[in-house]
2 protein chains.
Amino acid sequence: MSKNESSRGAVRERKEKVLTSLQNLGERIYRQIIAGEFPWIKMPSRSINNILYDQKLRQYILGNRSVRRSSRNIRHIRPLTQLIWTAMFVNDLTRQSKTSTLRDVFYSAQAYEMSFTDQQESDNLITDLETVIGYSREDFNVFPEERSAIFGDLTIEYTIPGYEGRRLNLTSHPDGMMIGPALTGAEFIDCKADKVIAIEKGGLFTRFIEERVHIKHKALLVHTAGQAPRATRSFLRRLNQELGLPVYIFTDGDPWGMHIAMVIISGSANAAHLRDLNTPDAKWFGVWASDIVEYKLPSDKLTELDIKRLHELRKDPRYEGKIWSREIETFMRIKKKAEQEAFSRYGLTYIVDEYLPAKLEMADSY
Amino acid sequence: MSKNESSRGAVRERKEKVLTSLQNLGERIYRQIIAGEFPWIKMPSRSINNILYDQKLRQYILGNRSVRRSSRNIRHIRPLTQLIWTAMFVNDLTRQSKTSTLRDVFYSAQAYEMSFTDQQESDNLITDLETVIGYSREDFNVFPEERSAIFGDLTIEYTIPGYEGRRLNLTSHPDGMMIGPALTGAEFIDCKADKVIAIEKGGLFTRFIEERVHIKHKALLVHTAGQAPRATRSFLRRLNQELGLPVYIFTDGDPWGMHIAMVIISGSANAAHLRDLNTPDAKWFGVWASDIVEYKLPSDKLTELDIKRLHELRKDPRYEGKIWSREIETFMRIKKKAEQEAFSRYGLTYIVDEYLPAKLEMADSY
């Protein structure tokens with residue numbers, strides 16, 4: 001497990017880099033003040049016409065336009081001050097290894113008489129800070145409410161206070177291990193799995209555990225709980241990059257399921273200012289529109305909203321690949337969608353006994 | 001821990017009872033057929049005018065009206081057959097220790113050429129079966145998608161295949177342990193905690209773990225993730241009844257938060273046909289309307305929808321208690337609501353250092 005060995009310390013290294021970025025930001029402001037300048041910062045613009053799809057990186061990125069905020073401009077004083085307060089707050093959080101939520105940041109500001117009009121304003125400032133330092137909010141300990149889960153033969157080592165050095169194998173609890181701050185911040189120690197299967201629905205995640213897919217297919221199972229939270233997307237990326245595991249994504253067979261897979265693979269436009277959240281080599285292996293035909297799955301008619309969504313996907317550069325465009329066209333033609341559970345039509349274990357092996361074999365060839 | 005000792009085997013006993021109920025149902029049908037009768041069943045009516053609030057049980061129950069379904073009546077043949085198929089299907093599930101979802105049951109029926117018009121119809125049949133045998137669907141292995149989580153010093157022993165006899169302490173993973181089929185079906189072995197705190201929001205659940213509330217207050221922490229799923233409600237009840245632990249509920253300070261607490265305490269009207277889902281002695285300890293005043297919490301104005309909801313709660317017999325009616329009137333008067341995170345206004349740890357101890361002390365006196 002050479003990939004594995006080299007991965008130890010990745011989390012601690014990343015945390016050091018985040019803290020260094022925050023420190024650099026602070027030092028820059030100090031230097032400006034000492035030099036008698038009005039403090040200012042510059043960051044890439046996140047306006048819609050500066051968001052581009054990068055074919056090489058296979059994700060959305062920000063272009064060359066930038067914005068400058070200077071305390072010389074009276075209208076900039078407020079957002080600049082808010083940004084610096086936010087940097088200070090998350091710097092404290094991260095150094096003390098405490099976590100927070102976007103909601104918490106909004107209320108915490110009031111303890112400092114730092115006023116935000118509403119949470120929208122403080123959320124925007126967090127995104128500004130992500131843009132300035134180039135790390136996502138989870139890197140500086142601001143986590144969302146949503147949690148997804150993982151199960152499989154991976155041993156991790158915690159780095160959070162009170163748990164430093166403690167290890168846990170992720171098969172310890174067969175309902176799945178939540179992917180929260182502690183797991184996100186853990187180092188990978190030993191992995192017996194050779195692939196990752198990300199699953200949209202909780203019921204199916206449990207089915208896969210019960211049918212021992214983690215053993216039969218040497219797989220780590222990840223429950224995305226619908227659209228995968230960012231912490232889960234970055235965790236999937238780590239499994240792929242640090243451990244060299246291929247990632248397969250299994251969603252409902254409809255345009256929304258396709259998009260859950262695509263966001264894991266290519267990221268989202270509103271995270272164009274960030275890296276390390278997507279897994280470009282992950283593969284969507286079902287439920288395909290062509291599976292609905294081939295497996296004669298129970299299906300529902302596409303709604304008008306579904307069809308509208310397919311038209312949008314058709315125009316999206318991320319969907320230009322062969323499988324994607326073929327499946328979009330198939331959905332359009334058959335005008336049907338099917339859920340992952342539809343395979344139960346052939347018995348509860350069919351999906352594990354028949355469909356999954358067929359798909360895994362096929363996935364390696366495209 | 002005498003309560004504790006006596007709790008071992010509770011899960012296995014309950015499973016035996018569920019299977020016996022299912023078997024009794026089957027035998028009744030067989031006996032009717034052998035006796036030359038058209039098979040029939042009788043069950044309590046779930047129509048709205050047969051749902052009563054029982055002051056003694058402190059939950060909604062079904063009254064004396066019952067419905068009879070007989071295969072002698074041509075309009076009853078379909079639902080009766082569907083009910084018997086459902087009983088057969090979940091009997092297999094439970095005996096094989098496999099779990100399923102409502103969605104899965106709908107699709108699985110197709111494998112038996114048992115047609116349901118839509119999922120609404122199969123969901124209704126599951127509820128019928130709950131009514132007939134007197135156990136909830138989680139008891140016969142039909143689980144919802146939602147999962148909540150627990151963290152604290154409780155050691156459990158799994159009973160599911162592949163994990164029988166394996167033990168786990170629920171502090172093993174500091175993001176929390178998911179409450180799914182495996183945990184729901186586990187026996188309690190040893191518990192060092194002396195209370196349970198159920199928390200609505202995930203961010204706060206994580207904060208409580210980080211601030212070691214489980215150690216400082218010897219508490220098991222449960223994340224309800226909004227309205228607690230039924231498996232979590234029955235798990236809370238077990239912690240209360242089998243281990244004798246008091247349960248405190250901590251929600252947002254608005255009518256919706258009140259109701260999250262109330263459903264844990266008194267159950268819901270649409271589970272009136274079931275027992276063992278509620279914890280009558282659990283206490284709602286915040287965020288109260290009067291806390292918004294006393295702690296000068298950042299707050300939002302009640303919306304029209306909030307106020308409409310408060311008017312509904314006023315008429316609800318479950319809200320007749322002193323604290324409840326006082327807090328409803330206070331909400332009405334101040335016309336404000338506050339979230340759990342609002343305490344961050346006094347710093348991130350204020351809620352743990354100041355508010356929580358004050359509330360725990362007060363809770364024991366009402």
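**View 1. Strands β6(B) and β9(B) are joined by 4 bridges.** In this predicted model, strand β6 of chain B covers residues 154-157 and runs antiparallel to β9(B). Strands here are DSSP E runs of at least two residues, helices are H or I runs of at least four, and both are numbered from the N terminus. Two strands count as paired if DSSP finds at least two bridges between them. Ile156(B) stands opposite Phe188(B), a residue of β9(B).

**View 2. An open sheet of 3 strands in chain B has the order β7-β6-β9.** Its pairing is antiparallel. The edges are β7 (167-169) and β9 (187-191) of chain B, each pairing on one side only. On average, neighbouring strands of this sheet are turned by 25° against each other, direction ignored. Axes are lines fitted to C-alpha atoms, and angles run from 0 to 180 degrees between N-to-C directions.

**View 3. Helix α9(B) spans residues 230-243.** At 1.5 Å a residue, its 14 residues should span 20 Å, and the end C-alpha atoms are 19 Å apart, which agrees. The expected span is 1.5 Å times one less than the number of residues. Of the 14 residues, 11 are buried, so α9(B) is largely enclosed by the rest of the structure. Buried means 20 or more other C-beta atoms, placed from the backbone, within 10 Å of the residue's own; exposed means 12 or fewer, and partly exposed lies in between. Among the buried residues are Arg230(B), Phe235(B), Leu236(B) and Leu243(B). Gly244(B) follows the helix, with a positive phi near 70°.

**View 4. A rotation of 180° with 0.0 Å of shift along its axis superposes chain B on chain A (RMSD 0.0 Å).** That is the relation of a two-fold axis.

**Notes.** Residues are numbered from 1 along each chain as its sequence is written, and chains are lettered from A and ligands numbered from 1 in the order in which they are written. In this predicted model, local features need pLDDT of at least 70, side-chain atom pairs count only at pLDDT 80 or more, and totals for chains, interfaces and linings use all residues.

Notes: Least-squares fit on C-alpha atoms with pLDDT ≥ 70 in both.
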